[in-house]
Amino acid sequence: MVAVRGGRFRMGADDGYPEEAPAHLVEVDDFLIDSCAVTNAEFARFVAATGHVTVAEMVPSAADYPGALPETLFAGSLVFQKTKAPVNTRDWSQWWSLRPGANWRNPYGPGSSIDGLEAHPVVHVAYADALAHAVWAGKDLPTEAEFEFAARGGLEGATYAWGEVFRPDGRHMANTWQGKFPFKNSLEDGWEATAPVGSFPANGYGLHDMIGNVWEWTQDWFRPGFDGDAGKACCVPKNPRGPVAGTLDPSAPIPQRVLKGGSFLCAPSYCKRYRPAARHAESIDTSTCHIGFRCVVRGSF
């Protein structure tokens with residue numbers, strides 16, 4: 001883990017997606033944070049020690065999803081698959097499918113495995129799975145503010161985790177999508193999907209993949225936007241934790257938590273969320289092939 005000294009910073013962005021605004025001043029205390037996302041190998045040790053069964057490995061209860069067709073209630077997870085040609089990028093069902101048998105051990109369904117992917121971030125983990133691992137490890141999941149503060153690496157207001165230029169001197173600094181999403185990935189950064197943690201340069205705090213590679217769970221409930229700055233300097237929110245209960249997005253049928261960091265599927269032509277300020281809502285019962293997590297420990301050091 002890496003020690004991050006707390007402080008005040010401007011969270012969010014006024015020139016990004018609507019849910020990132022307005023940029024506002026907050027304060028966080030000192031904390032330790034994993035230098036990389038939790039890997040398949042680390043998650044496997046947790047499962048071996050506890051017998052934990054992930055959400056993706058359990059058949060959903062009909063009582064929890066009233067009106068659902070019986071044939072849609074099966075153990076599985078969302079898997080990305082490139083399309084064969086350009087499609088309407090407003091229709092995510094063109095490239096996402098709920099695949100039976102897909103889970104952290106079998107990331108593409110039956111017949112696939114994580115052999116050779118031990119150093120890659122674990123994926124197909126729902127919020128409860130990430131939290132269970134964190135508790136077992138004596139840690140916690142980061143708040144949205146902690147994650148963003150850490151992702152910025154000490155660069156106040158910078159667009160990316162390393163500065164203002166996405167590819168300084170032509171160098172790839174994060175695992176993202178190159179080419180036309182969702183049908184053509186030129187693989188200029190060397191990776192079709194996840195990369196081993198630490199494959200790309202660390203930010204100013206020594207943290208890897210704080211943007212790109214996989215989205216990461218935070219403990220904050222999602223709401224689409226923020227309050228503005230406090231009226232007085234004395235009233236700057238300290239260690240903010242988002243809404244007190246549930247999502248504040250009335251259009252969401254399932255409560256949502258905040259994801260941070262973007263993933264290997266983020267592309268300039270579709271999802272420019274490989275930035276510290278970027279955020280995304282995810283239903284707490286959902287797992288995918290591009291969502292992982294890392295942990296924190298709070299307190300002085």
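So, the second largest pocket: 23 residues line it, and Pro60, Tyr65, Leu98, Asp285 and Thr286 lie nearest its centre. A pocket here is an open set of points on a 1 Å grid over the protein atoms alone, where a 1.4 Å probe fits, with protein on both sides within 12 Å along at least five of seven lines; lining residues have an atom within 4 Å of a point. Strand S5 (76–80) and strand S6 (96–100) are the elements giving two or more residues to that lining.

Quick caveat: this is a predicted model, where local features need pLDDT of at least 70 and side-chain atom pairs count only at pLDDT 80 or more, while totals for chains, interfaces and linings use all residues. Residues are numbered from 1 along each chain as its sequence is written, and side-chain values use heavy atoms, with hydrogens and water left out.

Strands, by the way, are DSSP runs of E, at least two residues, and helices are runs of H or I, at least four, numbered from the N terminus.

And where does S9 sit? We have an open four-stranded sheet, mixed in its pairing, ordered S9-S8-S7-S10. S9 (279–283) and S10 (291–292) are at the edges with a single partner strand each, so one side of each has no neighbour in the sheet. Further in, S7 (residues 215–221) pairs antiparallel with S8 (residues 256–260) over three bridges; pairing takes at least two bridges found by DSSP. Glu216, for instance, has Lys260 in S8 as its bridge partner.
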